[in-house]
Structure formats: C-alpha cells, structure tokens
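Open the model in your viewer and show it as a cartoon.

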Amino acid sequence: TDNAINSDIVIRFQTKVKPSVDKALYDFIVPQDGSISEALAAANQRGANATERFRILVTNGKYVFDTKGTTTGGDGKTYDDPRSYLTAPYVSFIGESIEGVEITNKTPDATWDNGFGTACPLEGIGKGDVLIISRDGHDAYFQGLTLKSSMGDAHGRDIVLNDQSNRTIFKDARLWGYQDTYVSNNESGKFYFEGGVIRGRTDYLCGKGDVYYNEVTLQQCGTGGYTAVPSKAKNYGYVFQNCYIKKETNDVTFYLGRPWGSGTPIACFINTKMDTNALGNGWADMSGGWPKLFSEY
C-alpha cells in the first residue's frame, strides 16, 4: 500500500529450555519378573493417584490372567472369576511382537443355553471380560501384543477389552474376539487406535464416547455380522479413517453397523477399504434405535 516504515521492526522472544529425557529400564518384564497377573498387580499397587508412567514389557509367549475368587454364571452356578482389572493410571503394556505375545483369560466351557444357542455361562459385558479398565486406569497404552478371549467363537458375548477409562491408546496391537470384542464404556471418554487389528463378527466395536480408528484392520468373520455399534457419543462417536475391513474367509457378509440407542449413535467411515460390499444399504436396525449420524466417504 506504499506505506513506508523508516525504523526496523524488532521482535523479541524467549525460547524454552530443551527438556531432558532420562533413559530408564522397564518397571516390570514378563515373565522375567513374574507373571502377567503379577505385572498388572504391580501396576495397580501404585494407586489411583499415580503420576509417573509404569512400563511393562511382555516378551514373546502365551500368558493367561489368573482367576480371582468366584462369580455366578447365567446358569446360576458358581465359577472361577476370569476378569482382570487395571485400576491405576499411566500404565504401558508393550509386547515384543503382535504375533508372538498372546494374553488371554480362562473361562468355563460353553455348557449353557442362553436362548441363542450353546454359550459360556459367563458371556456378557462385564461378566467374563479379559481386561476391564476402570475409570482410574486412564492414559493406558498398549503396543505390539494380542489380547484374546478364551470363550471361542459363537459362544456368546466374549468381551476382550471393557474400557471405562479415558485416553487409552492402542498402537499396532490386536484385540481378538467374536461378539462385543471391544467396549468403549465411558460416555465422556476419548480413545485412540492406530494400526493393528480388531477381530470379530457381531457388534465387535460397541459402546460410548469418542473412538478414533486410524489405519486399523477390522477383521470381519462369519456371516451377517455388524462392525460398528456406537451408543452415546462424547462429540464425534466412532470415526474410522483409512481403515481396512478385511474378510476372514470368502463367505463373510456384514453390515457397517447398527445403532445402540435412540438419536445418539454416530459412526463415520472415511477413506476405508472393504474386501466386499456391506449388506443392503450398509446399515441395519437395532432394538428400535436410530442414529444421529451414520455416514461413509
């Protein structure tokens, strides 16, 4: 605009001191320092007010969480309780490899008719879960390992991870189940998955809060399944970015999802590849519910 400035323009600023990073060893190595259950107990022992991160290295191998006490099954009988709990914050489970590390639990055999066929007596959300993260177990981190249900396919709702916390991160890890594999169980929670695999058939990604799936392989098994079943979103619901819906066998059929709730579920698939087209128009109904937003781009 032809307006001249005769004096220099001087901008003054002060940089922060570069933070120093102290190298440290893992706090617990499985099985060198103990079992997977003992590693979890050591992490929880720090309490809900812990502020430092507790890092667990899990070397290649198959590990089974210990049962604790007893619980009552849907058939009214008493069974060893297969559920394990993460109750302290800032815990990292870092596996040596996604293929080499398998962490599971021990559930009873499928001997109960739950009205839908032969099922495990402890099927159902919160009943036979492999791992439950409580509200206090926020800021958990999982990498390079597999969490797997021991119930087996088509034996009811075999929850692998029931996450009631906030800011959980899964990077290049795997959740292996059949129905309700992953439950985001906090309406105010934010959760993040990057890479890795989540496997299942029916409603195997279900629950509340906001979950961002970034370049995750969704391994769809069986026929007539449902991938995403969101309930109450915090803000954005279930967002799938650059994901891959991979059919486990050639006969796989599925819907992108169905609404768990009335006017609140949100699920958005963005730049996501599929081995085969979803059934119908891509979406299904559920118990009279309807979505706030179901979309694909």
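Select the sheet first: 7 strands form an open sheet with parallel pairing, in the order 6-11-14-17-20-23-26. Strands (E, at least two residues) and helices (H or I, at least four) are DSSP runs numbered from the N terminus, and two strands pair if DSSP finds at least two bridges between them. This is a predicted model, in which local features need pLDDT of at least 70, side-chain atom pairs count only at pLDDT 80 or more, and totals for chains, interfaces and linings use all residues. Residues are numbered from 1 along each chain as its sequence is written, and side-chain values use heavy atoms, with hydrogens and water left out.

Next, select strand 11 (residues 131–133) and strand 14 (residues 161–163), which pair in the parallel sense over 3 bridges. Isoleucine 132 has asparagine 162 in strand 14 as its bridge partner.

Last, show the cysteines. How many disulfides does the structure hold? The number is 0, a disulfide being a pair of cysteine sulfur atoms within 2.5 Å. For cysteine 120, the nearest cysteine sulfur is that of cysteine 206, 17 Å away. Cysteine 120 counts as buried, at 1% relative accessibility (buried means under 20% relative accessible area, with a 1.4 Å probe and protein chains only). Cysteine 268 is also buried, at 13%, and its sulfur lies 12 Å from the closest cysteine sulfur, in cysteine 243, too far for a bond.

Notes:
Buried means under 20% relative accessible area, exposed over 50%, partly exposed in between (1.4 Å probe, protein chains only).
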